[in-house]
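Open the structure in your viewer and keep the selection panel at hand.

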Amino acid sequence: MEMGIAGKRVLITGGSKGIGLACAGAFAAEGCDLVLASRDGAALERAAEGIRARHNVSIATHAGDLGDAGAREELAATHPKIDVLVNNAGAIPGGTLADIDLARWQEAWALKVFGYIHLSRLYLPQMEARGDGAIVNIIGMAGRAPRADYICGASGNAALIAFTAALGGKSTDRNVRVVGIAPGATMTDRIITLSRSRAKTKFGDENRWEEMLAGLPLGRAGKPEEIADLAVFCASPRGGYLSGTTIDVDGGAQFRG
């Protein structure tokens with residue numbers, strides 16, 4: 001299926017690994033030029049080299065701590081013209097309310113919750129002025145199905161689902177769409193980290209993390225590439241009537257008895 005986005009410039013935060021890296025590969029395969037941002041400059045360069053070897057697109061990298069407002073402003077100043085913003089960077093810890101102190105809540109939300117909000121504020125005006133653009137927020141199923149042992153992430157994800165709805169319900173006045181994607185369990189380093197945390201809470205042994213993934217729909221976790229392909233569709237003219245909504249990608253897990 002032709003997506004109709006070749007030549008678009010796509011900024012992907014958290015673009016050096018996991019879902020962000022899969023998104024980078026998927027947009028590059030459609031002929032999009034990329035800006036990849038994350039903390040780890042060396043990892044970004046490795047990611048860019050791998051994509052360049054497969055696709056003839058321009059790739060810029062930008063290393064910085066996007067949990068810091070100044071770093072986000074520097075990113076926007078360095079790469080001001082973006083057609084598609086994929087907000088993906090975030091690492092909210094697992095744990096109960098008693099497990100996570102306020103400083104850790106603030107640190108985690110600074111990157112994912114306020115990071116998404118701030119970057120949207122920085123890039124939305126130029127998209128609106130141009131009358132074209134898309135923002136795709138990679139959020140998470142915990143916002144739909146909150147759990148006590150992931151309370152910080154569930155609360156942050158729920159806030160981002162509401163943010164996506166509020167922003168995407170109005171941005172279409174200027175022909176800009178805002179869409180969310182809520183992945184369920186997806187096989188990345190991140191799900192292993194969270195599963196270890198949950199196994200430690202449940203069993204007192206983080207090495208039993210694989211037991212936390214038992215019983216998943218279709219007998220497996222989701223693939224990063226499945227989320228990436230959906231992100232491309234949502235950002236493209238093929239998904240041109242999507243805005244304000246957050247699409248759940250959990251294999252139907254939330255509806256299982």
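This is a predicted model: local features need pLDDT of at least 70, side-chain atom pairs count only at pLDDT 80 or more; totals for chains, interfaces and linings use all residues.

Residues are numbered from 1 along each chain as its sequence is written, and side-chain values use heavy atoms, without hydrogens and water.

Keep the whole chain selected. The C-alpha trace spans about 50 × 35 × 35 Å along its principal axes. Of the 257 residues, 49% count as buried, meaning under 20% relative accessible area with a 1.4 Å probe, protein chains only.

Now colour by secondary structure. The chain has 8 helices and 7 strands; these are DSSP runs, helices (H or I) of at least four residues and strands (E) of at least two, numbered from the N terminus.

Next, select residues 9–13, strand S1. Because 4 of its 5 residues are buried, S1 is largely enclosed by the rest of the structure.

S1 and S2 pair in the parallel sense over 5 bridges (pairing requires at least two DSSP bridges). Val-10 has Leu-34 in S2 as its bridge partner. From S1 the chain passes through helix H1, residues 18–29, to S2 in a right-handed β-α-β crossover: with the strands pointing away from the viewer, the path from the first strand over the helix to the second runs clockwise.

Finally, select residues 84–87, strand S4. S4 runs parallel to S1, joined by 3 bridges, and Val-86 in S4 is the bridge partner of Ile-12.

Note on methods
Buried means under 20% relative accessible area, exposed over 50%, partly exposed in between (1.4 Å probe, protein chains only).
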